[in-house]
Amino acid sequence: MATLKEHIDEIRRKKFSIGGELNPLMEDLHQAMKNLSAELYAKDVHFLMELIQNAEDNEYPEGVNPSLELIIISEDITGNGAPTTLLIFNNEKGFSSKNIESICSVGRSTKKGNRKRGYIGEKGMRLLMPTFRPCQSYSDQKIFRKHCGVGRLMPSFWDTLKKGRKQGVSLHSLSSHGKYILNSSFDTEEYDDVLNFLDVEPVNSEWYAKCIRSSNLVLGVAEEDYLELLRFIAENWVSSFHRTDMKNVPLLKYVGPDGDVVLCPISNITMWNGLSMICMSTESRHISWMIDWNREFRRVTDRYFMPKSTQEAIGCFSKRGTLLEWLQNQVKVCVASAYDFAVILYNSLKGDQQLAIAYVHFLYHSLSQHHLTKGNVDSLCGSIPLVDNYGHVITQRNGVLVPANGSKWVELMGANPRRELGYVELGENYLRPATFAGTITKERQLMTFLKIHVAASDIPDISPPNTELSAAYAPLTKKNAFLLLDWIHSLRYMRNLPAKFLTSIKMGRWLKISLSGSPEYRPPSESFLFNSSAGDLLQDESVMVDIPLIDQEFYGNGINNYKEELKTMGVMFEYSEVCQYVGKHVMSLATSSALTKSNVFQILNFIKFLRLKFLPANEFIHSIRDGRWLKTSCGDRSPVGSVLFDQEWRAASQISDIPFIDENHYGDKCLKTNKGYKLPSDCFLPNTDWDCLLKVFNNDFPLIDEDFYGTKILSYRNELKQAGVVVEFELAAQRFSAVFKNRASSSSFGRERVL
């Protein structure tokens, strides 16, 4: 039998034409081997896997544990000029003749049919077995290590590493975490049997935490790849990571106080109060809004939001269900709705003046931009802290007043009338323009919002206190008078206005009236309102009593729209009330003995006027009939029981003490005038000095009838003056002036009078 060497030499000579005749098929075999090796060993370390496969195929002596060693030395023991030599040691039985022939052939592997026994060689090519494993280095330097120091990675993590590598993430320290990592070309399902045979085990769970912590995988990859990393952790959390240092690795992104993206470990997410530090929005349309407003409250909320890009990527992530379940239930990230976020901000205010004002701006813009509903806002506004005019943050209140600046209540009352009742007067900060979260609020833009949702009140919507309205005791401007009327109008729903408040309005001298054309201020309870012509007529005829008519020239026709409110204040509108007023005044004069003979005739003329105008005189007569103001033969008596003497009473007067009206006092003479018979005190002596004035008033003044008495009447000037007739220009001018003012205020001048 030939020796092994002789066998090998024969193969070299016959098959490969080494030391013998040239084999014509040698060139074809060489080309086939070249192409096949290029296909099999495209990767520079693939030959190592073939060596391992061959080691598995080998046969070993009984009782011997198979071993494979691979050693690189710096000597060129082959003499081929290589800088190093790879030595392979394997304790197999050795090659048989058939093995030698097989390795030198194509398609004639001795392991054919032995796949079930663990043979995994390919294409019939076999090499010697290495003892070292190729490791992933991500550098030009190739690394080989014994199997006991090499570990495998989960396939999905390899995907993350490869994507990170392409995006510039440095992975040079991949094998510096207590384990060298098997080259990714070998760490595949294809080689599971071999790697299991060689006892190459997966790295432990702590290795992943070290790897992520030492690299820039979290911030260095695109959002989608970042989410794949989180998904990898999420899917293996319960089985591998929840008890490891992974919880202390900065994994979760959030927007920091300065707008930068910051990382937080899972272990730090839950705060001392059990709430989550990191939040995300339930709806993508709220993301930017929440992040921007959260920065305004960053000093107090201790809450932060995931970056917008991260939250939007989660919304598009194919496995977002798995990821969100882990984030919410395991990591405890707060997933907040718009209203949840508003409550978070509300709970963080803590009496801070600036934040309390900012929160109102937040609610206003949140409502206007449809992030919050009206119902959301109303529920939050019911108890929000408010900043008062002293800068104090008020949390308990019974009502709210708008800021004093520009308010109606300060115009009319001057001070907060309900402070003692717990009404908050808002500070002027609510009026000023401001910018929060990049959103501008214009000057006074919050006022309508505060009135609707915080119930900030102003006149006429304030419920009056049961105190006197001090402003009512002084004249009110036209603007404030109508403001008061509007206030009373809005309070009609109240059956009974506060007594002190209403009394002060009724009795205060704030209402402008006209007395014979002269302006004055009177209480509403002493004032009248008629249409202008009727008022002037009554004013003219009641010469002994000035009727205080509301000055319609001052207030304008708009005052007539508030008749119900004026009645509530005590203003009088009826003729009967005028008559009672005149009668009451007459009786006060009678009581004080100030009622003159002329006054008595004025009373009688007034009654005559009412009847001529078909106006009821009964109220006036009833108001004066019992007063003791009429001089009689028995002294001052009331008209009731007094008798006007004529001849029919002469006999009776001789036998009884009848109170006849004192004709000696009142006289029985009147002068004939162009207006009929009048008392001397009502008459004017014709005079060329005032003829032009008389024409202006269309002969409204009673002139002594010169045609009846003749021109001789003019010679009795002094006597007529003593009787009360107006004979001098100065006194006549005063009478004309009073009538002129009444006519002018009533706009009763026609074109012909002006001319």
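**Salt bridges and a helix pair**

Modeller: Let me start with Asp 352, which is partly exposed, with a relative accessible area of 21% (buried means under 20%, exposed over 50%, and partly exposed in between, using a 1.4 Å probe and protein chains only).

Colleague: What should I know about the model and the numbering?

Modeller: This is a predicted model, in which local features need pLDDT of at least 70 and side-chain atom pairs count only at pLDDT 80 or more, while totals for chains, interfaces and linings use all residues. Residues are numbered from 1 along each chain as its sequence is written, and side-chain values use heavy atoms, with hydrogens and water left out.

Colleague: Which side chain does Asp 352 meet in a salt bridge?

Modeller: Asp 352 meets the side chain of Arg 299, at 3.5 Å from N to O; a salt bridge here is a side-chain nitrogen of Lys or Arg within 4 Å of a carboxyl oxygen of Asp or Glu. Arg 299 lies in helix H12 (residues 298-301) and Asp 352 in the loop between helix H15 (338-346) and helix H16 (353-368), so the pair ties together parts that are 53 residues apart in sequence. Helices (H or I, at least four residues) and strands (E, at least two) are DSSP runs, numbered from the N terminus.

Colleague: Is Arg 299 buried or exposed?

Modeller: Arg 299 counts as exposed, at 51% relative accessibility.

Colleague: How many salt bridges does the structure hold?

Modeller: There are 16 salt bridges in the structure. One of them joins Arg 152 and Asp 192, at 2.7 Å from N to O, and that pair links distant parts of the chain, with Arg 152 in strand E5 (residues 150-152) and Asp 192 in helix H6 (residues 192-197), 40 residues apart. Arg 152 is buried at 12% relative accessible area, whereas Asp 192 is partly exposed at 22%.

Colleague: Changing topic, how do H13 and H14 pack?

Modeller: Helix H13 (residues 308-316) and helix H14 (residues 320-331) pack at an angle of about 130°, with their axes 8 Å apart; axes are lines fitted to C-alpha atoms, for helices over the stretch in contact, and angles run from 0 to 180 degrees between N-to-C directions. That makes H13 oblique to H14, because angles under 35 degrees count as roughly parallel, over 145 as roughly antiparallel, 65 to 115 as roughly perpendicular and the rest as oblique.

Colleague: Which residues meet there?

Modeller: On the H13 side, Ile 314, Gly 315 and Cys 316 meet Arg 320, Leu 323, Leu 324 and Leu 327 of H14, where contact means heavy atoms within 4.5 Å.
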